[in-house]
Amino acid sequence: MFCCCASDAAPTEVLAPDEPAAQLPVPEAKAAVETDASNWAPGGGPMTFHITIEKTTDLIGLDVAAIGQNLRVKRISSGLVQKWNEQHPDRAVRPDDLIVEVNGTRGGGPEAPAGEAHLPLLHAIQGSQGLDIGFYRHA
């Protein structure tokens with residue numbers, strides 16, 4: 001499991017799949033989040049949506065695991081995403097949602113070395129103050 005989202009001030013830690021996840025500190029984000037309502041299908045089939053977070057001093061609050069070129073949300077803990085979920089219960093990020101894009105960056109695709117296709121997403125999260133995170137949810 002990977003612990004997503006550290007600031008430049010904290011060391012980055014990537015855990016092996018069988019190791020327990022640890023939260024890394026990241027700047028707090030304002031709870032300003034947006035969704036693309038045109039792709040929202042409550043109770044329906046697959047959908048995509050975006051949230052926008054401006055980091056300040058809080059944790060982002062996502063534990064993720066690499067799934068090919070994407071990141072699967074394993075757990076939502078105390079932090080910015082949880083705050084957003086509380087403010088938007090009908091559009092909450094959930095475990096098993098896939099992070100497919102961060103600030104226009106997608107995973108490395110099939111040409112990426114084995115086990116590294118998800119790294120562009122992690123780098124985009126760690127290297128940006130403002131985050132536009134694109135999610136995909138299965139039906």
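Modeller: Let us begin with Arg137 and Asp97, whose side chains meet in a salt bridge with N and O 2.7 Å apart, a salt bridge being a side-chain nitrogen of Lys or Arg within 4 Å of a carboxyl oxygen of Asp or Glu. Arg137 lies in strand β7 and Asp97 in the loop between α1 and β6, so the pair ties together parts that are 40 residues apart in sequence; helices (H or I, at least four residues) and strands (E, at least two) are DSSP runs, numbered from the N terminus. Arg137 counts as buried because its relative accessibility is 7%, and Asp97 is buried as well, at 1%, where buried means under 20% relative accessible area, exposed over 50% and partly exposed in between (1.4 Å probe, protein chains only).

A word on the basis of these values: this is a predicted model, in which local features need pLDDT of at least 70 and side-chain atom pairs count only at pLDDT 80 or more, while totals for chains, interfaces and linings use all residues. Residues are numbered from 1 along each chain as its sequence is written, and side-chain values use heavy atoms, with hydrogens and water left out.

Asp96 is partly exposed, with a relative accessible area of 45%, and Arg72 is partly exposed at 23%.

Turning to the strands, β6 (residues 98-102) is mostly covered, with five of its five residues buried. Four bridges join β6 to β7, and the two run antiparallel; β5 (residues 70-76) also pairs with β6 in the antiparallel sense, over two bridges, strands being paired if DSSP finds at least two bridges between them. Ile99 in β6 stands opposite Leu71, and the bridge partner of Ile99 in β7 is Phe135.

The rings of Phe49 and Phe135 have their centres 5.2 Å apart and their planes at 15°, so the pair is stacked; rings of Phe, Tyr and Trp (its six-membered ring) pair if their centres lie within 6.5 Å, and planes under 30 degrees apart count as stacked, over 60 as edge-to-face and the rest as tilted. Both Phe49 and Phe135 are buried.
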